[in-house]
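Visitor: I have the model open and want a quick walk through it. Where do we start?

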Amino acid sequence: MREAIAEGRLALATEDVPVGAVVVGPGGAVVGRGHNAREATADPTAHAEVLALRDAARALGRWRLDDCTLVVTLEPCAMCAGAIVLARIPRLVLGAWDPKAGATGSVHDLVRDRRLNHRVEVVGGVLEDECATLLTDFFGERREA
């Protein structure tokens, strides 16, 4: 999770919401990285999770990431939850829950929907305070400005 937090901090340079993600491969090494880049790229799909999954798929030379773990600082949205399922990620580790738009257990639970062909183990609340503080500080600064 510390690697994902470091990725999230990189988003601050472009005034993107500081969410970071890493994909950990079967041997325990990070094989993919991403941080929010919607502002930087003018791409609405440039969420940390999607970018980390793309990076891991490129590094491993395959789209099936069925032996990897995705670690992300904020609970994924519906788009990212769909990408996680489609990439066949077996395990998701998240920091802060998202009570407004979370789609992996709080508001929705797309990754464990029995109607889908793949379900994901979710481990939540890892370094939750640190992940949440990164976000609350970011939005707090914007409210003050």
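Guide: With a term: helices here are DSSP runs of H or I with at least four residues, numbered from the N terminus. Keep in mind that this is a predicted model.

Visitor: Fine. Which helix gives the most to the lining of the largest pocket?

Guide: Helix H5, residues 128–144, contributes six residues to that lining.

Visitor: What volume does the largest pocket have?

Guide: The volume is about 580 Å³. Its lining has 23 residues, and the closest to the centre are Val 17, Leu 74, Asp 98, Leu 135 and Phe 139.

Visitor: How does the lining split by class?

Guide: There are 13 nonpolar, three polar and seven charged residues in the lining of the largest pocket.

Visitor: Switching to H4. Which residues of H4 are buried?

Guide: H4 runs over residues 78–86, and Cys 80, Ala 81, Ile 84 and Val 85 are buried in it. These residues are on the same side of H4, because they cover an arc of only 145 degrees around the axis.

Visitor: And what covers the buried residues of H4?

Guide: The cover includes helix H3 (48–60) together with strands E3 (69–74) and E4 (91–96).

Visitor: What follows H4?

Guide: Arg 88 does, with a positive phi near 65 degrees.

Visitor: I also flagged Glu 15 on backbone angles. What is its phi?

Guide: Phi of Glu 15 is positive, about 60 degrees, although the residue is not a glycine. Glu 15 sits in the loop between helix H1 (2–10) and strand E1 (20–24).

Visitor: Does Glu 15 count as buried or exposed?

Guide: Exposed: the relative accessibility of Glu 15 is 56%, and the cut-off for exposed is over 50%.

Visitor: Which residues does Glu 15 touch?

Guide: Leaving out residues up to four places away in sequence, Glu 15 touches Glu 39, Phe 138 and Arg 142.

Visitor: What about Ala 42, where is that?

Guide: Ala 42 is in the loop between helix H2 (38–41) and H3. Its phi is positive too, near 55 degrees, and at 70% relative accessibility Ala 42 counts as exposed.

Visitor: Last one. What does UniProt place at residues 1–107?

Guide: The unreviewed UniProt entry gives "domain: CMP/dCMP-type deaminase" for residues 1–107. In the model, that span is 33% helix and 21% strand, and its end C-alpha atoms lie 22 Å apart.

Technical notes
Residues numbered from 1 in each chain as written. Predicted model: local features only at pLDDT ≥ 70, side-chain atom pairs only at ≥ 80, totals over all residues. Heavy atoms only, no water. Buried < 20%, exposed > 50% of the residue type's maximum accessible area, 1.4 Å probe, protein only. Helix = DSSP H or I, 4+ residues; strand = E, 2+ residues; numbered from the N terminus. Arc of directions from axis to C-beta. Contact = heavy atoms within 4.5 Å. UniProt positions renumbered as here; feature names shortened; annotations may be inferred. 1 Å grid on protein atoms, 1.4 Å probe; cavity = no way out; pocket = protein on both sides within 12 Å on 5 of 7 lines; lining within 4 Å. Points joined across faces, edges and corners; volume = space filled by probe spheres on them. Nonpolar A, V, L, I, M, F, W, Y, C, P; charged D, E, K, R; others polar.
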